[in-house]
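Reader: I would like to know what stands behind the labels used for this model. Please set each value against its cut-off.

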Amino acid sequence: MRKVGLILLLFGLPICILAQNAAVTGKVVDAVSNEPLPFVNVLVSGTSNGTVTDETGHFEFRNLTPGFIRIEASFVGYKKAISSEVEVNNSSAPFVEILLEKSVSELDEVTVTASPFRKTIESPVSLRSIGIGEIEKSPGANRDISKIIQSFPGVQSTPAFRNDIIIRGGGPSESRFYLDGVEVPFINHFATQGASGGPVGILNADFIREVNYYSGAFPANRGNALSGVMEFYQIDGNEEKLNFHGTLGASEIAATLDGPIGEKTNFVVSIRQSYLQFLFSALELPFLPTFTDMQFKVRTRFDKKNELTLIGLGANDLFELNEDIEDPDDEQKYILSEIPVNKQWSYTVGAVYKHYRDNSYQTFVASRSHLDNNAYKYLDNDESSEDNKILDYDSQEAENKFRFENTSRMDGFKLNFGANLDFVSYKNSSQFRRFYEGQPVDVNYNTNLNLVKYGLFAQLSKSVFSERLALSLGVRADANNYSSSMKNLLDQFSPRFSASYTLTDQWSLNFNTGRYYQLPAYTTLGYKENDVLVNKSNNLKYIAVDHVIGGLEFRPRSAVQLSAEAFWKGYSQYPFSVNDQVSLANLGADYGVVGDEEVTSTSEGRAYGAEFQARINSTDGFNFNLSYTLVRSEFNDGEGAYIPSSWDAKHLITLTTTKDLKRNWRVGARWRFVGGLPYTPWDIEKSSMVEAWNLQGGPYYDYTQLNAKRFDPFHQLDIRVDKSYYFEKLTAKFYIDIQNLYNFQAQENDIVVRAEDANGNFLTTDNGTRYVLNEIESKSGTVLPTIGIIIEF
């Protein structure tokens with residue numbers, strides 16, 4: 001209560017002690033040659049406050065009102081552009097770099113205006129841009145990027161405490177992530193190996209400048225994705241002085257430092273430490289998560305033609321059981337019996353070198369990523385004997401990646417081509433047992449798998465008919481040396497085509513189609529039986545998907561966007577579980593490991609539907625985002641019939657709105673609705689067998705009824721109130737975020753526990769061969785208030 005009182009006291013400080021003298025500096029350059037552009041008209045978007053760049057392309061604005069702004073730039077012979085969102089305050093002046101593209105022809109009938117909503121010639125559909133303002137203000141997300149993405153069309157959220165990225169009916173393993181051009185395999189703490197999700201994001205929101213989210217129409221230089229590509233762009237360090245940024249969030253405390261290193265180099269570095277384990281222990285929750293992460297960026301501009309960016313991202317996670325709970329209830333017992341002790345650490349480091357020429361630039365990217373994942377589990381958490389150990393898992397994934405790209409512009413054509421070469425090491429030592437066809441099966445193998453992956457790509461784009469019609473044709477081919485079925489580039493030939501026609505200065509028609517491939521998870525490639533890579537023997541192939549997308553877009557004003565898109569996705573060669581007779585497309589949104597079993601490349605699926613979105617991102621501080629997705633997702637069962645997948649939500653609705661008020665107050669709300677998801681009931685007969693239960697310490701799904709039932713729909717309201725203070729040399733922000741305001745209780749699969757007698761002994765039947773099991777209705781959801789503090793100086 002004393003902390004709450006302190007926050008309320010700070011909220012009520014008189015406004016007269018604040019200063020209003022914010023500033024921003026920047027530079028305007030040619031997007032291809034990186035040459036500075038002098039005498040460019042620049043304007044604070046939504047105001048009449050303008051200036052021109054000097055002989056070196058630089059500009060400066062002073063005496064601005066603190067808050068989030070964008071800078072517009074226009075110049076004869078170039079297309080108008082608008083910067084990503086930046087926050088200006090009194091303590092430091094951010095630096096903004098604006099890239100202008102040359103215009104081939106003057107549009108006589110269509111007036112092009114700069115807009116905060118991104119649209120590229122390669123991806124005229126299914127691309128959404130998320131600015132720093134939306135990240136900072138988003139209710140219910142607590143500045144977690146993965147949760148913010150869940151507010152956009154096609155992205156499914158779940159009641160669970162998870163950050164899985166599930167896009168347009170695809171599985172949570174079907175997306176790829178890039179940080180300043182460097183591929184980052186892991187963006188969540190406590191990641192599910194073989195998928196992408198986890199409960200808490202690794203990326204520090206203090207670093208993020210802008211996010212591009214693709215739900216289709218992937219450019220050719222982005223491979224190995226079936227449903228989504230996320231491009232995260234980070235801020236640069238301040239070029240004039242050192243700045244400190246401290247954050248106390250919902251689950252962690254963070255410290256960020258940025259500033260110059262000499263005249264040509266700047267840096268940003270942060271470290272975060274969680275305190276969830278103390279909160280969870282006080283609440284007597286059965287698990288205690290602890291995490292630490294670190295992130296850095298260093299950018300050096302050697303001269304106007306050469307620059308180097310270094311990035312790094314690392315995390316250390318420990319997931320322990322809280323066995324000190326006295327007299328645990330059934331739900332606590334269930335969780336304690338299911339969850340293993342887990343320790344993970346991961347990192348990505350990368351370097352991006354760019355060299356600019358008159359009509360082209362070259363990009364060289366080198367990176368290394370590593371995941372170390374360890375887990376163990378004892379039956380009933382009894383570690384007194386190794387005979388009780390039912391899981392012993394130790395795995396490492398390491399990727400060394402190299403990519404070259406050349407981007408050229410000439411005579412109205414844009415050409416991007418390049419190649420990638422990856423060296424992969426996957427090691428796994430697994431010991432556990434499974435129960436198949438009434439018999440226990442020992443799984444005990446060691447894998448040391450080394451792969452060489454290689455790919456080629458090219459994309460040619462051009463606007464014709466006075467730039468009314470934009471066309472883009474791309475091709476990509478990937479392969480590796482895992483097996484004969486994967487080594488030929490032509491077997492994974494991936495064409496894509498986009499077209500966009502500008503009907504008027506407000507209306508446009510957009511289209512894309514393409515075929516995309518993704519390599520199955522390393523857990524699947526490296527799985528062994530009898531010391532044989534069984535999935536290699538099964539002729540495992542790349543997963544394939546065909547996309548067809550059509551859309552209509554209306555922009556009545558630069559800050560308003562209305563769009564509608566229809567999509568269809570056809571999957572083939574998806575891994576299919578031999579023992580469970582389930583497509584792996586249904587798995588991944590849970591803790592643990594996905595894909596470490598025998599599979600065949602025989603599953604097929606389809607996802608189709610339509611998306612509608614209305615966005616307002618006005619300069620007066622009002623933001624509005626309403627999205628509705630109608631989606632169906634189906635994959636075949638063991639007999640080839642299509643049945644709903646685990647992501648067949650049917651209806652997804654998200655409404656997010658924020659409004660800046662006087663005296664630097666801000667209010668916001670987000671309401672989400674997710675149609676009832678299919679689920680698979682428990683196989684009580686199999687689970688009750690003592691031998692079966694003791695192998696994994698919990699119940700088994702009845703896959704003969706795969707996704708045969710549905711949960712009730714899920715919906716939730718989150719609200720947030722912000723208060724900011726902009727002092728002369730310090731910025732202080734405070735926010736209260738309340739998730740699930742009306743305490744909605746989401747339906748979950750029943751909890752299954754073993755019945756006990758008065759002495760705590762498990763009850764059995766059939767001469768001690770079967771446990772007596774109790775099924776208990778389970779629901780999740782609680783009102784979750786959090787307080788955040790952000791200090792910058």
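**Labels and their cut-offs**

Reader: Why is glutamate 467 called buried?

Author: The relative accessible area of glutamate 467 is 15%. Buried means under 20%, exposed over 50%, and partly exposed in between (1.4 Å probe, protein chains only), so glutamate 467 falls in the buried class. The model is predicted, and local features need pLDDT of at least 70, side-chain atom pairs 80 or more, while totals for chains, interfaces and linings use all residues. Numbering starts from 1 along each chain as its sequence is written, and side-chain values use heavy atoms, without hydrogens and water.

Reader: What makes lysine 79 and glutamate 467 a salt bridge?

Author: Their closest N and O atoms are 3.7 Å apart. A salt bridge needs a side-chain nitrogen of Lys or Arg within 4 Å of a carboxyl oxygen of Asp or Glu, and therefore the pair of lysine 79 and glutamate 467 counts. It links distant parts of the chain, 388 residues apart: lysine 79 is in the loop between strands E6 (71-74) and E7 (81-82), glutamate 467 in the loop between strands E28 (439-464) and E29 (469-480). Helices (H or I, at least four residues) and strands (E, at least two) are DSSP runs numbered from the N terminus. Lysine 79, with a relative accessible area of 30%, is partly exposed.

Reader: How do you know that glutamate 87 and lysine 733 form a salt bridge?

Author: The N to O distance between their side chains is 2.5 Å. The two residues are 646 residues apart, glutamate 87 in strand E8 (residues 86-88) and lysine 733 in strand E44 (residues 731-739). Both are buried.

Reader: What do lysine 453 and glutamate 399 tie together?

Author: The side chains of lysine 453 and glutamate 399 meet in a salt bridge of 3.9 Å, N to O. Lysine 453 lies in strand E28 and glutamate 399 in strand E26 (residues 389-410), so parts 54 residues apart in sequence are tied together. Both residues are buried.

Reader: How many salt bridges does the structure hold, and which residues are linked in a network?

Author: The structure holds 52 salt bridges. Glu97, Asp180, Asp236, Glu239, Lys297, Arg299, Arg301 and Glu307 are linked in a network of them.

Reader: Why does glutamate 611 count as buried, and what joins its side chain to arginine 168?

Author: Glutamate 611, in strand E36 (residues 599-617), counts as buried because its relative accessibility is 2%. A polar contact of 2.7 Å joins the side chains of glutamate 611 and arginine 168; the term asks for N or O atoms within 3.5 Å, one able to donate a hydrogen and the other to accept it.

Reader: Is lysine 137 buried or exposed?

Author: Lysine 137, in helix H2 (residues 132-137), is at 4% relative accessibility and counts as buried. Lysine 137 and phenylalanine 622 are 485 residues apart in sequence and 11 Å apart in space, C-alpha to C-alpha.

Reader: Why does aspartate 324 count as exposed?

Author: Aspartate 324 counts as exposed because its relative accessibility is 70%. Aspartate 324 sits in the loop between strand E23 (306-321) and helix H5 (330-338).
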